[in-house]
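Let's take a walk through this structure together.

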Amino acid sequence: GVGSSRRGKAAKASAAMATVAGLNVKQVPTKPYEGQKTGTSGLRKKTKDFMQENYLANWIQSLFNALGDEVKGQSLGLGGDGRYFGKEAAQIIIKLAAGNGFKKVVVGQDALMATPAASAMIRRRKLYGGLIMSASHNPGGPDNDFGIKFNYSGGEPAPERITDKIFGETTKVATLNMADIPDIDLSKVGVTKFGDFEVEVVDPVADYLATLSEVFDFGLLRSFLARKDFSLVFDAMHAVTGPYAKRILVEELGAPASCVKDGVPSPDFNGGHPDPNLTYAEELVKIMWAEQAPAFGAASDGDGDRNMILGHKFFVNPSDSVAIIAANAQACIPYFKGGLKGVARSMPTSGALDRVAADLQVPFFETPTGWKFFGNLMDAGKCSVCGEESFGTGGDHIREKDGIFAVLSWLSILAFANKDVPEGGRLTTVQDVAIAHWKKYGRNFFSRYDYEECADADANKMMDHLRAIIAAAKPGDKFGDFVLATADDFEYTDPIDGSKASKQGLRFIFTDGSRIIFRLSGTGSSGSTIRLYIEQYTADPSKLMLDAQEALAPIVKVALEVSKLQEFTSRTSPTVIT
Ligand code: G6P
Ligand code: ZN
């Protein structure tokens with residue numbers, strides 16, 4: 001409002017000047033904002049909060065304060081998912097980086113950079129770190145969300161020791177070091193110098209493409225996509241992966257331009273919710289469930305780290321997807337041709353991957369929910385492929401989950417499976433690949449029920465009730481027809497650094513391998529989201545093709561009874577079913 005812009009002018013008038021690397025730097029007085037709590041996904045708030053006078057600048061300055069003298073003379077990556085306020089935010093960040101002693105900022109053209117691409121760029125250019133302006137799959141625009149996160153020099157999300165420190169700094173930040181330089185033209189690739197400081201505007205796809213071309217056999221993919229009897233559609237959901245899909249799938253691999261749906265990043269994602277699942281990617285689902293459909297469908301989220309893979313009238317559950325990619329990686333993906341070093345999944349993700357690990361005789365790790373837990377394993381050379389039920393799949397080529405990696409992995413599997421099928425012959429489909437996998441390993445039926453925006457108190461009472469049941473439970477206890485093997489609150493000790501994470505989800509594991517898991521979401525923005533994960537394994541060939549909801553109905557019933565979910569929350573049905 002008017003008041004705040006007056007305050008802004010007053011602050012600027014009283015700002016002291018200093019000189020950093022030959023630049024004039026204004027020392028702008030500021031006052032802390034409350035609630036700038038930083039998680040591993042950075043700071044996510046309403047766009048309007050971020051647009052308050054010094055809100056973004058305070059957090060960035062706090063980050064630089066937390067990092068200390070280490071940042072002097074370093075290079076910083078920058079980019080975002082194209083959402084509203086990103087371009088303005090980039091200008092503020094560039095001035096602060098210069099004012100705090102960075103020697104260089106490498107920023108994606110038009111302030112764009114997908115999260116996996118930022119990770120690749122940091123690694124390839126050996127940057128000190130990078131800032132990603134994104135609220136992932138949350139809707140964007142002036143009335144929705146904005147976000148900012150920091151990735152460190154390995155391309156991985158900032159570890160807790162840094163995020164805690166940033167938060168501490170946000171509560172006492174008093175001065176913003178703003179270089180007195182003009183706004184940069186972010187629409188043109190090139191270098192602009194100010195004293196000893198420079199800004200390089202780069203093609204946001206180039207480094208990422210270079211990394212992916214080292215992972216995959218682009219020649220194999222090119223000849224597969226050239227087949228007249230194969231077609232695909234990639235839904236960028238009006239978010240950042242549009243330019244990536246055009247460049248990689250169309251220009252590099254030769255797919256027709258029409259295969260990219262909604263490929264122009266829009267500041268509010270065209271009013272949509274850029275989350276690739278059966279609910280929010282309903283337009284893609286409609287295309288893939290039509291009688292005449294492409295053979296392969298995929299979508300990615302706002303910032304390009306999540307993915308969904310579809311065949312004709314067929315949904316690949318993310319828990320199956322990572323298992324199938326792991327099982328086929330060595331044969332189909334050159335980067336993995338020496339074999340996998342190990343594999344990992346988050347605890348609620350189904351056990352399909354466990355069976356592949358046992359078969360391949362490679363180390364297997366079960367981590368808490370959250371991509372950050374994979375980083376240490378990858379750095380230690382113990383994990384090549386990992387994934388989560390929450391539509392995240394990735395490899396150790398970078399340190400973020402990677403939507404286009406999942407797409408190219410599936411295309412590689414299909415290309416390999418069809419290399420001896422003559423054009424016009426019977427193509428091996430996505431569904432065929434999944435069925436062949438289930439025939440070999442059995443099928444882990446899996447579903448997730450989300451109960452969004454429950455009252456915090458109700459959700460907590462239900463979790464307490466379940467904790468009490470777990471405390472009293474003994475192996476052999478019967479829950480419906482299921483016999484309990486063990487029940488606990490998941491705890492993880494990082495095998496690399498020994499750090500512990502506790503209370504990571506309540507789980508009931510039955511003697512037949514079936515599981516019921518309850519967790520409260522760590523990413524919801526209002527109230528509590530209860531997640532109920534249900535899994536049941538079968539090796540019975542006559543049951544492999546059952547519908548997941550049908551197959552899981554008996555165990556879902558047990559889960560709802562034992563939790564008294566309906567009684568505690570008054571919810572008769574989930575808001576989202578995956
Ligand atoms: C983010 C993280 C994922 C994680 C997911 C869990 O997307 O990047 O690694 O699996 O959140 O979200 P939840 O809402 O279940 O805590
Ligand atoms: Zn994301």
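What follows looks at the two ligands, one after the other.

This is a predicted model, where local features need pLDDT of at least 70, side-chain atom pairs count only at pLDDT 80 or more, and totals for chains, interfaces and linings use all residues. Residues are numbered from 1 along each chain as its sequence is written, chains are lettered from A and ligands numbered from 1 in the order written, and side-chain values use heavy atoms, leaving out hydrogens and water.

Start with ligand 1. The residues around it, among them R306, W371, K401 and G522, have a heavy atom within 4 Å of the ligand. Where does ligand 1 lie? Domain 2 (208-441) and domain 3 (443-577) both give residues to its shell, so ligand 1 sits between them; the domain bounds come from an automatic or database assignment.

Now for the polar contacts (pairs of N or O atoms within 3.5 Å). Oxygen atoms of ligand 1 lie 2.5 Å from a polar side-chain atom of K401 and 2.8 Å from one of R306.

Next comes the zinc ion, ligand 2. Its protein donors (N, O and S atoms within 2.8 Å of the metal) are S136, D301, D303 and D305, at 2.0 to 2.1 Å. In sequence they are spaced S-x164-D-x1-D-x1-D. S136 and D301 both lie in loops, so the pair ties together parts that are 165 residues apart in sequence.

How values were computed:
Polar contact = N/O pair within 3.5 Å; in protein donor to acceptor, adjacent residues only side chain to side chain. Donors = N, O, S within 2.8 Å, 3.2 Å for Na, K, Ca; no water. Helix = DSSP H or I, 4+ residues; strand = E, 2+ residues; numbered from the N terminus.
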